[in-house]
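Here are my notes on this model, point by point. Please keep the structure open beside them.

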Amino acid sequence: MAFDGVGWLAAIIIGGIAGWLAGRFMNNSSGVVMNIILGIVGAIVASLVFGLLGISFGGWFGYLIAGVIGACILIAIGRAVGRRT
């Protein structure tokens, strides 16, 4: 996935904000690095899922929204897998 006009530094910053917002929304206490990872990977996951549905996000704000949604999905998956073990 290209970052749709968002550079690498901006992707890290926006990913961190997206991960932090998702952590607050999902009541998850992760560190700063984990928030950045959740936000960036979450944006990629959400972009792929929404791309299959014909929905696309663009620009900084779209990347932030996709990151929050994707990070929430990843947190939910992590909780579901963690409870099984």
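1. Start with Ile13, which sits in helix 1 (residues 8-25). Helices here are DSSP runs of H or I with at least four residues, and strands are E runs of at least two, numbered from the N terminus. Ile13 is partly exposed, at a relative accessible area of 49%. Buried means under 20%, exposed over 50%, and partly exposed in between (1.4 Å probe, protein chains only).

2. A caution on the source: this is a predicted model, where local features need pLDDT of at least 70, side-chain atom pairs count only at pLDDT 80 or more, and totals for chains, interfaces and linings use all residues. Residues are numbered from 1 along each chain as its sequence is written, and side-chain values use heavy atoms, without hydrogens and water.

3. The chain has 3 helices and 0 strands. From the N terminus, the order is α-α-α.

4. Helix 2 covers residues 32-52. Buried residues in helix 2 include Leu38, Ile40, Ala43 and Phe50. Just after helix 2, Gly54 has a positive phi of about 85 degrees.

5. Overall size: the C-alpha trace spans about 40 × 30 × 20 Å along its principal axes. Of the 85 residues, 33% count as buried.

How values were computed. Expected span 1.5 Å × (residues − 1).
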